[in-house]
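We'll go from stop to stop, picking residues as we go.

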Amino acid sequence: VPDRIPIDVVAIQPPMGNLAVTEIQAGPSSTSASILNGGPVGRDVTARLLVDGTEVDRVAVTVPARVSAEVSFPVVLPQRGEASVIINDATGYEADDARYLLLSPPKPIGIVLVTASGDSSIESFYLDQALRVGDVAKRFEIVQTAAATLASTLAEADVPPAVVLLLTSRGLDRRGLSALERFTRAGGGVLIVAGPDIEPVMLSGFGGVGSPVPENGDSSSVDRRLVPADGRHPIFQAFGQKLGNLAQVRYGRTRRLDPGTDGSVLAHFSDGTAALTEHGLDLGRLLVFGSDFESEWNDFPRHPMFVPFVHETLKYLSGDRNEPRELVVGDGTPESVSRPGFIELADMQRVAINVDRAESDMARMSVAEFNTEAAKVGSTINAITDNAIDERERDGGYWRYALGLMILALAAESLLGRRTG
C-alpha cells in the first residue's frame, strides 16, 4: 500500500478452537481423512463419510491439541462420484468443517511407440511388458507404429498423443522427422532411446545423438553406472531413498550425447559422459537416453528399477494433461468458486472446491508484525512507482526534444521555400 494511503489495524480475536478436515484419501481397502485441531485442548468429534450426498459411515475420534489425527473408514470408494468428509465444529471456522473429493479416474497417457515393424512385443519385449504390467496398463493408451509411417500416424490421430517413444530410426524418413519435431515444438513429449537401432545420420542432429561407445566393430566393453545429476528432478524424485539403486545397473555400451546450448544433463554415466539429456523445444520436451531398453548394451531391463524409471519418465514427458479435479476457494471467477462443495464450471467440467489448508491455521499476527510487513511492501511499491514516474518523465523529455526538432525542421523548410520562391 503506498504511503499516502493510511492503514488502521484492528486486532481480531480468533475463535476458542478450530477443527478442520484437511485431506481425504481413497485407498484400495479403506478411506482415510485427516482432521486438524488448531485449539489448545483435545477435542472429541464424529466424522461422517458421504458418497454422492448419502452418508455411508461415521467414526468418532479424539484429536489432541494442535496436531492432526487420521480417521479411517472401512469403505472402498467407487471410481466415479463425489465423496466428502464432514464434521460438526461449533466453536471454529465453519468453512473448513468439510473436505470434498471428486472421484474420477485420470485419463490414460497417450503414447505412440515407434519401432521398425510396429510390433513392440517382438522388437522391444522388456519395454512392451513394462507398459502392460498389472494396473499400470490403465495409465497408458499405446498406439504402435512403424518408423516409416510415423508422419501419417501423428497427422491422422483424432486426439494428439502426449508422448512419442522412439526406439529406432530405421525407416524414419524426412517427413517423419519433421513431423516429430513439429509435434515436440507444439507441446508434445519425446523420448529417444539411443540404442543400436538409432542411426545419428537419420536424425540430422535432432536430440544431439552421436556414435556408440565403444564404436561399432569394437568388441571390447566398458562398465559404466548411471548417476542422477539432481535427485530433485521429477523423474528421480519419486524414487526417494531407492534412487541409489539406479547405480547397480551395468552399462557395457553407451551412446555419445550432446546436450548443446539448449539442453541439460539429467544423469551422467560414471565416466562423466551424459546418460540422460533434456532439450526444451518451444512448448515441448525432448529426452534422450544414452543406451538401449532391450538388454543388448546393459542389464537395465532386468533390474527392478527399470519399470518405475520408464513410468516416471513418461509421466514427466506427458506433463499434467488431466483436467483439474480440485480448486481452492478464490480460484477462478468469484461467482463460480466462492464456496466449498462441488460445482460445474463453464466448460462443463465438474470439480471439487475446498478451503485452502492455510486458512485453518489459527496462528495470529500481532499489530506490530503487520505494520512491519506492510512497511516493507510499501517501500517496494514506492520504489517501483518512483521508477515508473522517472521513466515516464524521461520518455516525455525525449518526446519534447523530438517535437522541438520537428518544429525547427518545418521552419527551415518554410524559410527555404520562401527563398526559392
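Select Leu-281 and then its bridge partner in S17, Gly-284. Now widen the selection to S16 (residues 274–281) and S17 (residues 284–289): the two run antiparallel, joined by six bridges. Helices (H or I, at least four residues) and strands (E, at least two) are DSSP runs numbered from the N terminus, and two strands pair if DSSP finds at least two bridges between them.

Before going on, note that this is a predicted model, where local features need pLDDT of at least 70, side-chain atom pairs count only at pLDDT 80 or more, and totals for chains, interfaces and linings use all residues. Residues are numbered from 1 along each chain as its sequence is written, and side-chain values use heavy atoms, with hydrogens and water left out.

**Stop two: the whole sheet**

Colour eight strands in the order S9-S8-S10-S11-S17-S16-S15-S13 and you have an open sheet with mixed pairing. Its edges are S9 (140–146) and S13 (226–228), each pairing on one side only.

Next, show H7 (residues 306–318), which packs on the sheet and touches S8 (109–115), S9, S10 (163–166), S11 (189–193), S16 and S17. Contact here means heavy atoms within 4.5 Å. The direction of H7 makes about 155° with that of S17; axes are lines fitted to C-alpha atoms, for helices over the stretch in contact, and angles run from 0 to 180 degrees between N-to-C directions.

**Stop three: helix H4**

Select 174–185, the residues of H4. Which residues of H4 are buried? They are Gly-176, Leu-177, Ala-179, Leu-180, Phe-183 and Thr-184. Buried means under 20% relative accessible area, exposed over 50%, partly exposed in between (1.4 Å probe, protein chains only). Look down the axis of H4: the buried residues fall within an arc of 160°, so they line one face. That arc is taken from the directions from the helix axis to the C-beta atoms.

Covering the buried residues of H4 are, among others, H3 (150–156), S10, S11 and H5 (200–203). Just after H4, click Gly-187, with a positive phi of about 120°.

**Stop four: loops**

Go to Asp-52, in the loop between S3 (43–51) and S4 (54–63); its phi is near 55°, positive in a non-glycine residue. Finish at Pro-214, in the loop between S12 (209–213) and S13, where the peptide bond from Val-213 is cis, with omega near -5°.

Definitions and conventions: Expected span 1.5 Å × (residues − 1).
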